[in-house]
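The following explanation is meant to be read alongside the sequence and the coordinates. Please keep both in view.

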Amino acid sequence: MNGAQHILEAFHRHNINTVFGYPGGCIMPLYDALVDDVGVEHVLCRHEQACALAADGYARASGEIGVCIATSGPGATNLITGVANAYMDSIPMLVITGQVATSMIGTDAFQETDILGMTLGIVKHSYLVDDAEALPAIIEEAIQLAQSGRPGPVWIDIPKDVLLTAVATAAPATAPAPDAHCPDITRALAMLRSARRPLLYSGGGVSLAQAEDSFRAFAETSGLPGVVTLKGIGNAGKHNPHNLGMLGMHGSRAANKAVEECDLLFVVGARLDDRATGKLDGFAPNAKMIHIDADAAEINKLREADLALRGDLNAILVAFIAALESESLAIADWQKQCQTWHTTGGFKAADNEEPMAPITGPAFIRQLSRTAPDDTVIACDVGQHQMWVAQHYEFDHPRRHLTSGGLGTMGFGLPAAIGAQFADRNSTVINVTGDGSFMMNAQELATIRRYKLPLKLIILDNQCLGMVRQQQELFYNNRESHINLDDNPDFVAMARAFDIPALHIDRTDQIRRGIETILAYDGPMLLHVAISREENVWPIVKPGASNREMIDETKRTSTANKENVA
Amino acid sequence: MNPQSQTAMPSYTLNCRMNQEAAALERLCQVVRVRGFRISRMSMEAAEDHLDIALTLSGSRPIGMLRSQLEKLHSVVDVALQEQAAVRSVSA
């Protein structure tokens, strides 16, 4: 068994049956081994960036490790954005690249890049395998490392000669997973019991720890009003009456108000990202903070916690549930206050009854949320449409909302949707995108056609880079700069060129029928939705400002432009 | 924030033990830079399977934050803060 065959053997052992890749010179021994191996489905994307993003989407939707493969040089460098995306959102990923032969490393050989050096800041760990006998242990460690603790991408760079060398070393036994660590929660319980306005603040760490069920049980048992980060959307489910939705730059007034007024912030699996907190000085100014996280480095990173509980989120939440099962926290007045804020300051979008009226993003997303099946996976791109989905689509589970939170990668949505469709061939997967983002990885229409994926694509087309235009309008004195996309291709014709049927709609009375048509179609279909160029995402907090300084449509004045953005 | 623009920043000495792995030293230095610290002195001794590295560095951010980030590196075995070095220096 050579090095390449050993890699596939390790995939089998770890039940890795889908990988995303693109062949080339130095990785050819692995592709040669794939010819004989029928147990691993290799998905050929049309750009290495899409391979990494598809592996990311696969991992997010399934909870399993995502795997991407590329050759050396440009193949490897093209992966970088996708790997950085996974790193920023802590997605478990194994990255395998070919490298020039060991004797050629450092000679500026054809397609040689120091990919290990280039990617140090975007991986959980990485390896350059210079000894074939070390490969079995490295593969084993890498697969485990990518998924353990706080997950992340692990990169293995393998010279071509190592892939071809016979490996005598047997695969090491898989080490047992460490026991779930649960710190003492006594003090945290006392803080929770004495708080009058406690608020649950949850993020992507909940699903990363696969703690969705225990989180939901904790939220219900405790009755805590809650806010979620972009990546925490879906944590509380659709029906929790105390969930105030997303906080932050495009969060609801209700969520940001609750953070401002709370006296205890109970943070679960969130890293206090600047888009969520706004200016830190004004963030939860009256609150003590309990911070629960798997990663010790997140504790006290941006705000000192009054109490930190580092460990396994599942185990910690289960301990809280057990302690609170037989008691009620004295927070009825606070719950009522939060519900009032939710009623008056939750996300709203008027359903326009005028049939000929132009389509608005929020109204479209609300209809999509009402129409799509409960188990639908929505893979967003980045921009205004992403925020409208976060605000107006009701998710029942965080794994059904795939969004590039940390890196904000335009072009994420289409390959991520492909990955999600491979994770579950039977689920409804919809890529909601904008005209700017769609063009970043539009070549993946060919992947949809090749694998006959029944993906649904929805382009909210405002003929510009809407989020940039919005900030130029509000914070740069309306000086538009390089945001115009009114020379977009005909997206309907473009889809049809890939044998993907497509529809165009531009009136309110076409929304429902358009959505129902693509969902009912037995195969991939694209819905091109023309929306206004001038539409903005509301509310918005100016970058660097406090969340209490939210601007909404009714306060859309030149005051937003009074101070320039730093 | 540009922590290196401060005129007076605390100085620290960290002793790190790392496994002998590809790019171990680069990983360490990169984390120090990205997390807002500047190295003013560095020494390293390589043993058969590990590296012992002593770093004198300065920065305005909490040293505990850097320490916890370094401890996350898979190659890092141990990070110890040398207490007597937590003094203020005027230039970095």
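Predicted model: local features only at pLDDT ≥ 70, side-chain atom pairs only at ≥ 80, totals over all residues.

Residues are numbered from 1 along each chain as its sequence is written, with chains lettered from A and ligands numbered from 1 in the order in which they are written.

In chain A, six strands form an open sheet with parallel pairing, in the order β14-β13-β15-β16-β18-β17. Strands (E, at least two residues) and helices (H or I, at least four) are DSSP runs numbered from the N terminus, and two strands pair if DSSP finds at least two bridges between them. The edges of the sheet are β14 (401–402) and β17 (502–505) of chain A; each has a single partner strand, so one side of each is left without a neighbour in the sheet. Within the sheet, β16 (residues 456–461) and β18 (residues 525–530) of chain A run parallel and are joined by six bridges. A:Ile459 lies opposite A:His528 of β18(A).

Two helices pack on this sheet. Helix α17 (residues 413–423) of chain A touches β13 (377–380), β14 and β15 (429–434) of chain A, and its direction makes about 175 degrees with that of β15(A). Helix α22 (residues 511–520) of chain A touches β16, β17 and β18 of chain A, at about 170 degrees to the direction of β17(A). Contact here requires C-beta atoms, placed from the backbone, within 7 Å; axes are lines fitted to C-alpha atoms, for helices over the stretch in contact, and angles run from 0 to 180 degrees between N-to-C directions.

An unreviewed UniProt entry lists residues 185–319 of chain A as "domain: Thiamine pyrophosphate enzyme central". This stretch is 33% helix and 20% strand, with its end C-alpha atoms 8 Å apart.

Chain B has two helices and four strands, running β-α-β-β-α-β from the N terminus. Of its 92 residues, 26% are buried.

Technical notes
Buried ≥ 20, exposed ≤ 12 C-beta atoms within 10 Å, placed from the backbone. UniProt positions renumbered as here; feature names shortened; annotations may be inferred.
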